[in-house]
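The briefing below goes with the structure shown here and is grouped by topic. Please read it alongside the sequence.

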Amino acid sequence: MTGQPLRTPSREPIGLQDRAFENLSFIRRTMESSASMTSVPGWGGVLMGLTALLTAALASRAQGGASWLLIWMAGGGVAFAVGMGSLIRKARASGVQLSRGVGRKFLSALSPPLAAAAVLTGVLYRGDLLDAVAGTWLLLYGTAVLAAGAFSIRIVPAMGLCFMVLGAAAFLTPPAWADAVLALGFGGFHIGFGWVIARRHGG
Amino acid sequence: MAAERKPKEVPDLRTSARREQRLESIAGYWSDAGGAEFDRLVYERIRLGIMSVLAVNESLSFSELRDLLQTSDGNLSVHARKLEAAGYVACRKHFEGRVPKTEFRLTGKGRQALERYLNHMEALIQVTRG
C-alpha cells in the first residue's frame, strides 16, 4: 500500500473556480456590451447652446468670410471644451470610464465625423466655398451624434438626426441665413435636447 | 555546508477565520432555496445573459434583448418566460400604435438574486485561491 492521499486537494476546487471565473467574465462582457452611455451631459449641452447663440450674434457682425469663419471656429472650440469638460465630469460622477467599455465606443463613434468636418472646413475655405460650411458642419455633427447615440440613451440619436436634417436643409437655404441656421442647430437643438437630457437623465 | 532551513509556516488565524467565513457563506448559498434556485436557472447562458443585460438597462424591448443576446425569438421567449415565472424578470405587453410591444425589466427580487450570485462567485474564487 502506498501513502498516497485518497483525495488530491487541487482537483475539486479547480472546476468550481473555472466556472466562477467564466461566469463572472461572461456577466462583465454582457453588461459592457449592452450598457448605454448615460453620461451625456444635459446641462453641458445647454451651455454649448448658449455659446453657439453668442457666437452667432458675434459672427453676424463679422466683416468678411475669414473673420466669420474664425469667430465660428473660436465659438466651436469653446463649446467643444465645455462639452468635453461636462462629459468627463458627469462620467466621473456616475462611475463611467470613458477609456473603456461603452464610454470608449461612444467617443470612438463621435470622433471620425468631427475630424472629417475639421478637414472639410479647411478644404471649403481654400476653395472659397464658405456658403457650404454651415450645412457641412451641421450634417457631420449630426452624423457624429447619431453614430455615438447608438451606444447611448434614445434621445441622443434623435438629436443627431435633427442636426442631419437641418444640415441637409441648410444647403438649400440662402447663404445669408447661415448664422440663423447655425444658431438654430448648435444653439436651439443643444439647449432643447440638453434641457430634456438634464431633466430626465440626471444633469 | 548545511542546507538553509526554511522557517516553518505558521497559519495566520485571521486569514483562516476569513476563509472559514467564506466557506460558510458559499455552503449557505447552495443550501438556501433561493440561491440554489437561481444557480440552477442561470446555469443556462441565455438566462444569465438576460439577467446581466437587464441589470444595466432600465427596460428593454423583446427585439432589443434578442439582438443584444444574438439569439432567436423562440429561444428568448422560452428562457424569458422561465425567469418571469421565477419572479426575477417582469414583462409588460402594450401597443405602440398598432404594433404590439413586449418590454422586460429586472424585478427587485431579480436584482437581489443577481447581486447575491455575483458575491457568491467572487467568494468562490477567493476561497479556491486560498
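**Briefing on the predicted model**

The secondary structure of chain A amounts to seven helices and zero strands, and this description, like everything that follows, refers to a predicted model. Read from the N terminus, the elements of chain A follow the order α-α-α-α-α-α-α.

**Chain A overall**
- Of the 203 residues that make up chain A, 37% count as buried.
- Among the contacts in chain A with a separation of 6 or more, 72% are accounted for by residues 24 or more positions apart.

**Helices H2 and H3 of chain A**
- Helix H2 (residues 42-59) of chain A and helix H3 (residues 65-93) of chain A have axes that come within 9 Å and cross at roughly 170°; because angles over 145 degrees count as roughly antiparallel, H2(A) is roughly antiparallel to H3(A).
- On the H2(A) side, the residues that meet H3(A) include Trp43(A), Leu47(A), Met48(A), Thr51(A), Thr55(A) and Leu58(A), while the H3(A) side contributes, among others, Trp68(A), Ile71(A), Trp72(A), Val78(A), Val82(A) and Leu87(A).
- Glycines also take part in this contact, including Gly44(A) in H2(A) and Gly75(A) and Gly83(A) in H3(A).
- By class, the residues of the contact of H2(A) with H3(A) comprise 13 nonpolar, six polar and no charged.

**Contact between chains A and B**
- The contact between the two chains draws on 14 residues from chain A and 14 residues from chain B.
- On the side of chain A that touches chain B, nine residues are nonpolar and five are polar, with no charged residues.

Conventions. Residues numbered from 1 in each chain as written. Chains lettered and ligands numbered in written order. Predicted model: local features only at pLDDT ≥ 70, side-chain atom pairs only at ≥ 80, totals over all residues. Contact = placed C-beta atoms within 7 Å. Nonpolar A, V, L, I, M, F, W, Y, C, P; charged D, E, K, R; others polar. Axes fitted to C-alpha atoms, helices over the stretch in contact; angles between N-to-C directions. Helix = DSSP H or I, 4+ residues; strand = E, 2+ residues; numbered from the N terminus. Parallel < 35°, antiparallel > 145°, perpendicular 65-115°, else oblique. Buried ≥ 20, exposed ≤ 12 C-beta atoms within 10 Å, placed from the backbone.
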